[in-house]
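I set out to record, entry by entry, what I looked up in this structure. The notes follow the order in which I went through the topics.

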Amino acid sequence: MKKQKGFTLLSVMILTTMTSIIVLSSLRDNFIQERLTGNYQKKMNARLVSEKGIFETHKRVIEELSKNPDATIAELINDTLGENPYITGSAETDNMSYAAQLGVNSDGLLELNSDGKRFEGANNTVALFELVNKGAASAFSSGLIGCEGVTSTAGGRIDAYNSSLGAYSRETSIPASATTTIHQDSHVTLSGGASVWGDVSATGNIKLSGGATVYGDVHANGNITIDVGPQNGRKSDEMPEGETIYISVSGDVLSNGDVTLAQTQIGGVIRAEKALTLGNGRLNEVLNRDNNGKDIMYGGILTTPNSLPSQYNQDGLLYTDSTFNVLPNVPTVPSRPPDSEIDENFDTTDPATNCDPIGIDNNMNEYKELGLESLALRSENSIYTLYDRSYTAPSQAPVWGESFPSLSARNEQLPTGESVPMFKVKDLLLNGGALKIAANNDVYLFVDGDFTLTTSGSSKLEIEDGASLTLFVTGKVHIQKGVVQTEGITESGNPVFSIYSSYQGEDGIKVNATGDFYAAIYAPKTDALVKASGSTMGSIRAKTVSIDGAGGFHYDTKLGEIGNVSTCCGATKLVFKGWRYL
């Protein structure tokens, strides 16, 4: 027993030592954790303050861009920084500060580079932006733009060409004549014998019937109905290369609503967010020529004939299989929302979502004057010839019903902001007489009333080589005769013949010309009706568009390139491209 004395004390000392070691180790770990936590917090604070530097710098850049919308990136950097190499600032918390720089990287993107600091914590944040100058977009970017609807019962072809490559011919035509609507729930109805060489889109429904084959995509926010039969009489040279008489839509059929394929073939795929109905015709088929995934996709109910035609399958899998019952998430066609939903961020100058991107009434109100006289020409010898600033009038006295006013060209501002000399009259009637635009002259004419060209006698509107006529009309326009002119764009960049109408009643534009006719027509507040036996070329933007008659419609794609219609159609802006943290 005596040998065991002191053992308890030794055990306690050993346990105490071990406990002390554990405690000290724990204190050390806690100290390290505290240091790590403190450093992490400082690092996070540094990151937060560096991001604040980005936001404050971005705010200054936007302010400078609003002052000078045409600035280059270099000018924007100089205007924002001034004589200081950095933009500096701090946060409310002590010892949190940032210093930001501006520069351009190797990809031409604007770099906002901000260094943030809190005690020993530091962080570098880089934000990348692209300076996008949308420039002056053309309101004639599509062939047929019926803001509240497009209807075609025409027998001729609807296609496109480029006037800079020569006059229109079937041999040089291309499938690029887009047809579209803008206001919500506005429909496109195509029937008759006209084939459409280009895409068709609608903010509402699309209905194809008769011979209205579409050589392009069909895209609707509403329902799509395709009831186009085989075009047995259509020759190979009347279709794009590689197409057949059994095609109703050569591209894809895309719908945010229902799709009904009553007969014939689809060259692409079908995507219906709601119900899909497939007809029982023996020629019905979804070809999916580009192998773009599933032949069909639908989010609602599939309706098929009781006896499923053998062609309704993909790689042996019947379309009735649940594999095809998948919501396709079809993108929507851009549209103008109801006025009650428009806020301050809505771009009223974007031609894609506004029927009247230039605000036609503003210009027309500026052009109005009291005391304007009408110009009426009724006899063969009654000819007015207009130059850019002068004119010649008939030498003889006017006959009954004629009016020969004195004209003077006053400087007025176009929607583009350009100042030009402009003639002004009340009504303009060509009912046996003629109006000529002298060669190599760009003439601007304001008609504060109706413009009428009849078929009577020697009635003529002649635009000589190298000349252009830009017509602004507050009343109705009725053209019953082809215009003597070349096609396309002049060397000065003007369409050979343009019509701008602010008329707000029904049927404000009527073209039932007996000959060929070329014009860029802008009539966002009224209907445009084209019923011509000859060819109609150019572009039409109107409240509604109706195409009828034996003649076709041929969109001049050059009109979509000139961008001469509105001042901006989308402001210059910075587009965020990504972050980089260092």
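Entry 1, a charged residue. I began with E369 and found it partly exposed, because its relative accessible area is 26%. The model I am reading is predicted. I next asked which residue's side chain meets that of E369 in a salt bridge at 3.0 Å, N to O. I found K424 in that place. K424 belongs to strand 29 (residues 419-425) and E369 to the loop between helix 3 and strand 25, so the pair ties together parts that are 55 residues apart in sequence. I noted K424 as buried, since its relative accessible area is 6%.

I recorded R410 as partly exposed, with a relative accessible area of 35%. I then found E369, R410, E412 and K424 linked in a network of salt bridges. As background, I noted that side chains of opposite charge can pair when their charged atoms come close.

How many salt bridges does the structure hold? I read the total as eleven. One that I looked up joins the side chains of R157 and D159, at 2.9 Å from N to O. Are R157 and D159 buried or exposed? I found both of them buried.

I turned to S255, which is found in strand 15 (residues 253-255). Leaving aside neighbours within four places in sequence, I listed the contacts of S255 as A220, G222, N223, I224, R271, A272, E273 and V330. I also saw that the side chain of S255 reaches the backbone oxygen of D258 at 3.4 Å. For a distance across the model, I took S255 and N365, which are 110 residues apart along the chain. Their C-alpha atoms are separated by 41 Å.

I examined an open sheet of three strands, in the order 14-17-20 and with parallel pairing. Which strands are at its edges? I identified strand 14 (247-249) and strand 20 (285-286), each of which pairs on one side only. Strand 14 pairs with strand 17 (residues 265-266) in the parallel sense, over two bridges. Within strand 17, I found Q265 standing opposite I247.

I located E462 in strand 34 (residues 460-463). E462 is buried, with a relative accessible area of 16%. Not counting residues up to four places away in sequence, I found that E462 touches L435, K436, I437 and V484.

Which residues make the nonpolar surface patch of about 390 Å²? I recorded L10, I14, L15 and M18. I placed L10 in helix 1 (residues 7-67). L10 is partly exposed, with a relative accessible area of 47%.

Notes
Residues numbered from 1 in each chain as written. Predicted model: local features only at pLDDT ≥ 70, side-chain atom pairs only at ≥ 80, totals over all residues. Heavy atoms only, no water. Patch = residues over 30% accessible without salt bridge, like charges linked within 9 Å, V, L, I, M, F, W, Y side chains within 5 Å. Areas by Shrake-Rupley, 256 points an atom, 1.4 Å probe, with all protein chains shown as cover. Salt bridge = Lys/Arg side-chain N within 4 Å of Asp/Glu carboxyl O. Helix = DSSP H or I, 4+ residues; strand = E, 2+ residues; numbered from the N terminus. Buried < 20%, exposed > 50% of the residue type's maximum accessible area, 1.4 Å probe, protein only. Pairing = 2+ DSSP bridges. Contact = heavy atoms within 4.5 Å. Polar contact = N/O pair within 3.5 Å; in protein donor to acceptor, adjacent residues only side chain to side chain.
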